[in-house]
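The sequence and the model come first.

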Amino acid sequence: MASPDALPLRFLLVVLVTFTADATHRPKTLHIPVVHRGAVFPSRRGAPPGSLRRCRHAAPFTAQVASFHSIAADDDDRLRSPVMSGVPFDSGEYFAVINVGDPPTRALVVIDTGSDLIWLQCVPCRHCYRQVTPLYDPRSSSTHRRIPCASPRCRDVLRYPGCDARTGGCVYMVVYGDGSASSGDLATDRLVFPDDTHVHNVTLGCGHDNVGLLESAAGLLGVGRGQLSFPTQLAPAYGHVFSYCLGDRLSRAQNGSSYLVFGRTPEPPSTAFTPLRTNPRRPSLYYVDMVGFSVGGERVTGFSNASLALNPATGRGGIVVDSGTAISRFARDAYAAVRDAFDSHAAAAGTMRKLATKFSVFDACYDLRGNGAPAAAVRVPSIVLHFAGGADMALPQANYLIPVQGGDRRTYFCLGLQAADDGLNVLGNVQQQGFGLVFDVERGRIGFTPNGCSV
């Protein structure tokens, strides 16, 4: 989770291990309301909608969060909540709605498949940024328990164990790839979800010093593969499988389309699976292998397929499926081949004029009314991502054409992909938008369902 100019994932600089969390009043699956950041935090006036900035600007407090209190239950013990989706591309974040402690404190936390630790900003705050929901005060929660530094939990949890000499409590510190950081007390508390489902003894960080690019969020919900991630802690109750769908970020409507569900759910026939790979150098991340691209119905050539396949010996290659990164990034030769193929097909269609200027991180931008045709009539080349095992993602146009505002106040469109030079390829949430994704660690696979938010 970082700015789009670099787009490195957040990588924990500590190694964490799991403790079992117990769920009571447990439905078959745990369904958590999800909201795009733009629905809660208004877009900055004058910011280009295509900026996809992952930096967290200082958003004003808003009463819109009150709308998240409406929750309805389905007949099969699954819960669905009305969801507000985001303002066009002002930020790359999606939020889960959770409640922490007893009595519960409501919190909006960033959903991040690229990290593990669950943490919240806590009272007393020595260095905290503003957030839209109330600060979590562990002193007011009857279920909050600090983990002592003398406990095996503390010694096993952290690669570099920390201890508060004054209180004898275990201290954590996490630093992420974009420079954000959180430090504070390692503790346990209960989380409360819709239908009064309680998950007890969840290990989480109570952050008293927090800096970086998480402005306005209450904290972070780590749903990576590590042993302290939320799905791993829930595995004894729900199995090591979860799914989500990130809805239309262009819409502010409370359409209830986005979701985050822990536990196994029925798989629509249209779901295509690709093997889940493990990178020994980054074991907490969800890796898959890509085998190529198609643009305009033709297979893209002119790049090395090795750059898209994971090399466990070097840790390079493979594709990380990340909810916390906005724009997908691919090895430079692969990106250049896709961009050039898109340019070629766009030129052949004759209705897209390529611009000489760049916008933000995008180097392939177009005027869709270049020949005077209405934008809706423009023929845009299709893009399909091909994964190992025969899983394909045929991207909707909105998942790869990003609207940007030019200096003349006109709207142009850029190819919403980026080149990577560090061996780290990422499938970002702009491209995931509208697909149902299944993270099935138990069966070693990840699934993609077209139009997954409506199934």
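The link of Cys125 and Cys128 is left-handed, with -70° about the S-S bond. In this predicted model, the sulfur atoms of Cys125 and Cys128 lie 2.0 Å apart and form a disulfide. Cys125 has 30% relative accessibility and therefore counts as partly exposed. Cys128, at 29% relative accessibility, is also classed as partly exposed. Both values fall between the cut-offs, which are under 20% for buried and over 50% for exposed.

A second pair is Cys245 and Cys453, which form a disulfide with their sulfur atoms 1.9 Å apart. This link of Cys245 and Cys453 is left-handed, with -95° about the S-S bond. Cys245 belongs to strand S15 (residues 241–245), while Cys453 sits in the segment after strand S32 (445–449), so the pair ties together parts that are 208 residues apart in sequence. Cys245 and Cys453 are both buried.

Cys365 and Cys414 form another disulfide, and their sulfur atoms are 2.0 Å apart. The torsion about the S-S bond of Cys365 and Cys414 is about 100°, so this disulfide is right-handed. The pair links distant parts of the chain, 49 residues apart: Cys365 is in strand S24 (residues 365–367) and Cys414 is in strand S28 (residues 411–415). Cys365 is buried because its relative accessibility is 0%. Cys414 is likewise buried, with a relative accessible area of 0%.

The values for these pairs are set out below.

| Disulfide | Sulfur atoms apart | Torsion about the S-S bond |
|---|---|---|
| Cys125 and Cys128 | 2.0 Å | -70°, left-handed |
| Cys245 and Cys453 | 1.9 Å | -95°, left-handed |
| Cys365 and Cys414 | 2.0 Å | about 100°, right-handed |

How many disulfides does a search of the whole structure find? The search finds 5 disulfides, among them the pairs described above.

The rest concerns the protein as a whole. The protein has 5 helices and 32 strands. Of its 455 residues, 60% are buried. Contacts between residues at least 6 apart in sequence were also sorted by separation, and 73% of them join residues at least 24 apart. The protein exposes about 16,800 Å², and carbon and sulfur atoms supply 52% of that area.

Terms used. Residues numbered from 1 in each chain as written. Predicted model: local features only at pLDDT ≥ 70, side-chain atom pairs only at ≥ 80, totals over all residues. Heavy atoms only, no water. Helix = DSSP H or I, 4+ residues; strand = E, 2+ residues; numbered from the N terminus. Buried < 20%, exposed > 50% of the residue type's maximum accessible area, 1.4 Å probe, protein only. Contact = heavy atoms within 4.5 Å. Areas by Shrake-Rupley, 256 points an atom, 1.4 Å probe, with all protein chains shown as cover. Disulfide = S-S within 2.5 Å.
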